[in-house]
Amino acid sequence: MISSQGTNVNASNTVVMHGNNINATAGKNITVLNAENKTINGNYVTVLGNSSASADSTFIIGDNVENRKSNTFVFNGKDGSFVPAQDSAFYANSKVAINTDTAKAQLDINGGAMIGIRGNLSVPN
């Protein structure tokens, strides 16, 4: 553990960097960076941000994620909380821009497709 206070770690092969009051008592191969007052358990879990996880094979980026689903990649780019709903999924809780530097819809693929609302135009489902 590096720069951690009040951390309870009993999980094997666990690294907590810049984490305060982290509870990682079950599982193995857990990596946590920049989290406070969170519980993180499971096998092969990485949490980069102030989020918590209780699942296996999980990679979380961002704050306010509460993940209990295994085999997931979760990115939360919004301020509010985000709770994944199913196992074996990829979640991006933010706008996504591909081949452009500004997303003008929920999913904006420059030169290909747009899904969501772009400007004042509504795109059908």
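**Notebook: strands, core and loop**

I started with Val83, which is partly exposed, with a relative accessible area of 48%. The model I am reading is predicted.

**Entry 1: more on Val83**

I looked up where Val83 sits. Its place is in the loop between β9 and β10. Val83 touches Glu66 and Arg68. I also checked a C-alpha distance. Val83 and Lys69 are 14 residues apart along the chain, and their C-alpha atoms are separated by 9.1 Å.

**Entry 2: Ser81**

I stayed in this part of the chain. Ser81 lies in the loop between β9 (72-76) and β10. Is Ser81 buried or exposed? I found it exposed, with a relative accessible area of 61%. The label follows because exposed means over 50%. I then looked for its contacts beyond four places in sequence. Ser81 touches Asn64 and Asn76. For C-alpha atoms I took the pair Ser81 and Glu66. These two residues are 15 apart along the chain, and the separation is 7.5 Å. Glu66 had already come up as a contact of Val83.

**Entry 3: the whole chain**

I stepped back to the chain as a whole. How many helices and strands does the protein chain have? I counted 0 helices and 15 strands. The chain has 125 residues, and buried ones make up 31% of them. The exposed surface comes to about 7,200 Å². Carbon and sulfur atoms supply 48% of that surface.

**Entry 4: the largest nonpolar core**

I looked for the largest nonpolar core and found 17 residues in it. Those with the most contacts inside this core are Ile30, Val32, Ile40, Val45, Val47, Ile60 and Val74. Which strands each supply at least two residues of the core? They are β3 (20-24), β4 (27-33), β5 (36-48) and β10 (89-93). The largest share, 3 residues, comes from β5.

Not counting residues up to four places away in sequence, Val47 touches Thr31, Val32, Leu33, Ile40, Ala53 and Ile60. Among these, Val32, Ile40 and Ile60 are also on the list of residues with the most contacts inside the core.

**Entry 5: Thr14**

I moved to Thr14, found in strand β2 (residues 12-17). Thr14 is buried, with a relative accessible area of 15%. What does its side chain have beside it? A polar atom of the Thr14 side chain lies 3.0 Å from the backbone oxygen of Ala11. I set aside neighbours within four places in sequence and listed the rest. Thr14 is in contact with Val9, Ala24 and Ile30.

**Entry 6: how strands pair**

I finished with two strand pairs that involve β3. Strand β1 (residues 8-9) pairs with β3 in the parallel sense, over 2 bridges. Here Asn8 stands opposite Asn23 in β3. In which sense do β3 and β5 pair? They pair in the parallel sense, over 3 bridges.

Note on methods:
Residues are numbered from 1 along each chain as its sequence is written. This is a predicted model: local features need pLDDT of at least 70, side-chain atom pairs count only at pLDDT 80 or more; totals for chains, interfaces and linings use all residues. Side-chain values use heavy atoms; hydrogens and water are left out. Helices (H or I, at least four residues) and strands (E, at least two) are DSSP runs, numbered from the N terminus. Buried means under 20% relative accessible area, exposed over 50%, partly exposed in between (1.4 Å probe, protein chains only). Accessible areas come from the Shrake-Rupley method with a 1.4 Å probe; for residues, only the protein chains shown count as cover. A nonpolar core is a set of buried Ala, Val, Leu, Ile, Met, Phe, Trp, Tyr and Cys residues joined through side-chain atoms within 4.5 Å. Contact means heavy atoms within 4.5 Å. A polar contact is a pair of N or O atoms within 3.5 Å; within protein, one must be able to donate a hydrogen and the other to accept it, and residues adjacent in sequence count only if both atoms are side-chain atoms. Two strands pair if DSSP finds at least two bridges between them.
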